[in-house]
Amino acid sequence: MYRGEHRVLIANRGEIAIRIAKACLDLNQNFVCVYTEADRESGHVRFALENGGEKSLFRIGSYRDANEVFSVADRSDASAIHPGYGFFAEDFRFARRVVKREKPLIFIGPSWRVIQELGDKINTKRLARSLGVPTVPGSDRPIYDELEAVELADSLFSFQREQGFKAPAIMVKASAGGGGMGIEEVNDPDEFRSVYRRIRNYAKRQFNDEGVLIEQRIFGFNHLEVQVVGEQSGKKHVHFGTRNCSVQSSGNQKRIEVAPGFAPNEIHYIFNASGVLASITEHSLSMARAVNYDSVGTWEWIVTPRGEPFLMEVNTRIQVENGVSAAISSVKGETGVNIVREQVRLGLGDSLNYTQADIDLSGVAIEYRIIAENPDKNFAPWVGRIEKFDWQSQDWLEVYTQVPTDRPYEIPTEFDPNLALGIVYGENLEQAQKRGIEFLNGLTLQGQDRAGRKLESNCSYLIDKTSALLEF
């Protein structure tokens with residue numbers, strides 16, 4: 001059970017800060033929020049004031065300043081820190097500092113050692129291969145030597161040509177990177193050296209590690225994930241199913257997520273889709289057990305058109321799309337699963353008081369990322385003032401947002417223009433798709449920029465993509 005009453009410092013912003021704060025209240029725990037000047041009109045600021053008063057809100061200069069975060073922790077008498085996603089969520093040095101400082105705190109997330117081990121793509125790949133988990137062909141250790149990198153790249157290009165690939169390609173990645181950053185595709189062997197040097201320099205600047213991973217490019221794949229939850233002991237693990245995140249922007253940023261990852265009862269696949277889902281789930285759990293994974297985490301996979309799964313990476317944090325997995329889940333017959341709440345509860349020392357047999361997965365859920373952007377112009381962000389934002393409430397719909405619905409809101413230019421997450425549930429894929437289109441068509445989203453140009457959003461793009469969800 002909990003080690004007493006806690007005050008959780010939420011080192012994040014926007015909708016995830018609100019969801020963490022709500023989870024704390026639901027667990028009868030106190031919370032503290034932080035905000036920057038650019039975020040003074042954000043919904044998480046209002047929520048903190050209305051539900052915790054002025055003592056629950058502190059202004060800081062930057063969400064990325066660890067010293068400011070720890071200063072707030074001390075001033076507010078916080079006993080735990082939740083990093084949300086982004087910022088410090090996968091920074092093992094920050095997590096280590098949380099628990100090893102003179103006034104130690106609880107880090108609500110995996111232990112810093114687990115973050116360090118799984119945050120490195122090379123270490124993850126080695127662990128996976130040692131357990132028989134399939135990984136993308138390529139290097140299984142950091143490559144620092146350019147001649148060695150060129151030799152490996154040439155061998156991968158040759159292999160693809162021998163296999164009859166019409167357009168061979170390889171991926172060059174910063175081994176310590178994540179979240180789609182520090183990755184470039186190379187189609188021409190003559191361009192490899194310059195890309196390798198660019199990624200190596202990027203990795204040194206961003207991660208202080210020049211290690212580079214070189215892998216074969218997999219074409220036409222689907223991007224799947226497995227949602228894992230572990231007890232703080234690292235000895236008990238369950239999963240909350242799979243999800244498909246294949247609808248992405250040109251920058252490989254997710255726009256629609258669907259749970260479960262395939263719909264074999266409604267769509268014909270040329271491979272055993274149910275078998276693939278079972279395989280990636282068991283592989284993910286085997287790795288979680290091997291490293292004593294001790295929090296919420298996501299195992300990310302790619303699946304080829306022939307149904308071959310390859311592990312990409314492990315995200316050692318709560319993810320944006322956790323809610324779509326929760327929407328299809330029930331525990332001991334009770335719906336309303338809240339994975340953010342579970343992370344907080346387990347992070348504060350409570351036990352995982354259910355087993356995999358207690359978890360039921362049914363129906364289909366779709367999560368839409370509603371963003372002020374123009375998909376027709378390479379997903380260029382739109383910046384301006386939102387005048388109206390509203391939607392029709394439904395018992396099959398959840399909307400998470402930091403955007404106020406009762407007053408205008410200026411989108412901060414310092415952050416991505418993410419407006420809301422809409423999660424739609426259906427008894428099957430067809431019903432979820434119909435409800436998703438109904439939600440998007442009924443959304444009120446109006447505004448203009450300083451030049452008087454109307455608000456741009458990706459809603460039409462999301463509608464267009466809904467009809468073919470989970471099709472390969």
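User: How much space lies in the second largest pocket?

Analyst: Rolling a probe the size of a water molecule over the atoms shows where empty space is left. Here, about 990 Å³ of space lies in the second largest pocket. On a 1 Å grid over the protein atoms alone, a pocket is an open set of points with protein on both sides within 12 Å along at least five of seven lines, whereas a cavity is a set where a 1.4 Å probe fits but cannot get out; lining residues have an atom within 4 Å of a point. Grid points are joined across faces, edges and corners, and a volume is the space filled by probe spheres set on the points.

This is a predicted model, where local features need pLDDT of at least 70 and side-chain atom pairs count only at pLDDT 80 or more, while totals for chains, interfaces and linings use all residues. Residues are numbered from 1 along each chain as its sequence is written, and side-chain values use heavy atoms, leaving out hydrogens and water.

User: Which residues lie nearest the centre of that pocket?

Analyst: Of its 43 lining residues, those are Lys-22, Leu-397, Glu-398, Val-399 and Tyr-400. Elements giving two or more residues to this lining include helix H1 (14-26) and strand S20 (397-401); helices (H or I, at least four residues) and strands (E, at least two) are DSSP runs, numbered from the N terminus. H1 gives the most, with 6 residues.

User: And how many cavities of 30 Å³ or more does a search of the whole structure find?

Analyst: The search finds 1, and about 60 Å³ of space lies in the largest cavity. Lys-121, Thr-124, Lys-125, Thr-135, Leu-213, Glu-215, Leu-311 and Met-312 line the largest cavity. H6 provides the largest share of that lining, 3 residues.
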